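Colleague: I would like to learn how to read the local features of a model such as this one. Please take them one at a time.

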Amino acid sequence: MKLEYIVKDDKYFNIKQILKEEFNMSSRLILKLKNYKRIILNDEITYIDKEVKINDIIKLNIDFEEDNSNIVPTEMKLDIIYEDEAMLILNKPSNMAVHPSILHYDNSLSNGVKFYFDKIGLKRKIRPVNRLDRDTSRYSYFC
């Protein structure tokens, strides 16, 4: 996925501020983008402390492979409500854990998502956006 931001005013001093405030990016993701050289300022690879000025164009490429090998893939029927390049929204069945654990090593919702990601060739971390109790039946959001 590619993101773009045009600096409209002088309220931001550097790129890192924009990534945090405009895109709500975590420090970990910002560091990853920096290390993979995925931050572009006016068509040149740049660093996060680079000062910005009005009309600067910041482009981000957040398409990169991530390791999700810590989760065992398990085939299961997923009730997918919505999916795009940034998120997967599922209807979580009750009595199913969201995360693998000692008691749910290979039968959590994340195990099913891992199987689905492997099937479609998506190499991304599985990041539940909200955590629901095992007995709760509601939507689960994955990015």
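**Backbone, helix and core**

Modeller: Asn42 is found in the loop between β2 and β3 (44-45). Helices (H or I, at least four residues) and strands (E, at least two) are DSSP runs, numbered from the N terminus. The model is predicted: local features need pLDDT of at least 70, side-chain atom pairs count only at pLDDT 80 or more, and totals for chains, interfaces and linings use all residues. Residues are numbered from 1 along each chain as its sequence is written, and side-chain values use heavy atoms, with hydrogens and water left out.

Colleague: What is the phi of Asn42?

Modeller: Most residues other than glycine have a negative phi. Asn42, although not a glycine, has a positive phi of about 50°. The Asn42 residue counts as partly exposed because its relative accessibility is 35%; buried means under 20% relative accessible area, exposed over 50%, and partly exposed in between (1.4 Å probe, protein chains only).

Colleague: Which residue with a positive phi follows α2?

Modeller: Lys37 follows α2, with a phi near 55°. Lys37 lies in the loop between α2 (27-35) and β2 (39-41). With 53% relative accessibility, Lys37 counts as exposed.

Colleague: Which residues of α2 are buried?

Modeller: Ile30, Lys32 and Leu33 are buried in α2. They cover an arc of only 160° around the axis, so they are on the same side of α2; the arc is that of the directions from the helix axis to the C-beta atoms. Arg28 and Asn35, on the other side of α2, are exposed.

Colleague: What do the buried residues of α2 pack against?

Modeller: They pack against α1 (15-21), β2 and β4 (57-61).

Colleague: How should I read the largest nonpolar core, and which residues touch the most other members?

Modeller: In soluble globular proteins, nonpolar side chains tend to be buried together. A nonpolar core is a set of buried Ala, Val, Leu, Ile, Met, Phe, Trp, Tyr and Cys residues joined through side-chain atoms within 4.5 Å. Of the 18 residues in the largest one here, Ile15, Ile18, Leu19, Met25, Ile39, Val52 and Ile58 touch the most other members. At least two residues of this core come from each of α1, α2, β2 and β4, and α1 gives the largest share, three residues. Apart from this core lies another, of 10 residues, among them Leu88, Met96, Leu109 and Ile126.

Colleague: Which residues is Ile15 in contact with, leaving aside its neighbours within four places in sequence?

Modeller: Ile15 is in contact (heavy atoms within 4.5 Å) with Ile39, Leu41, Thr46, Tyr47, Ile48, Lys50, Val52 and Ile58.
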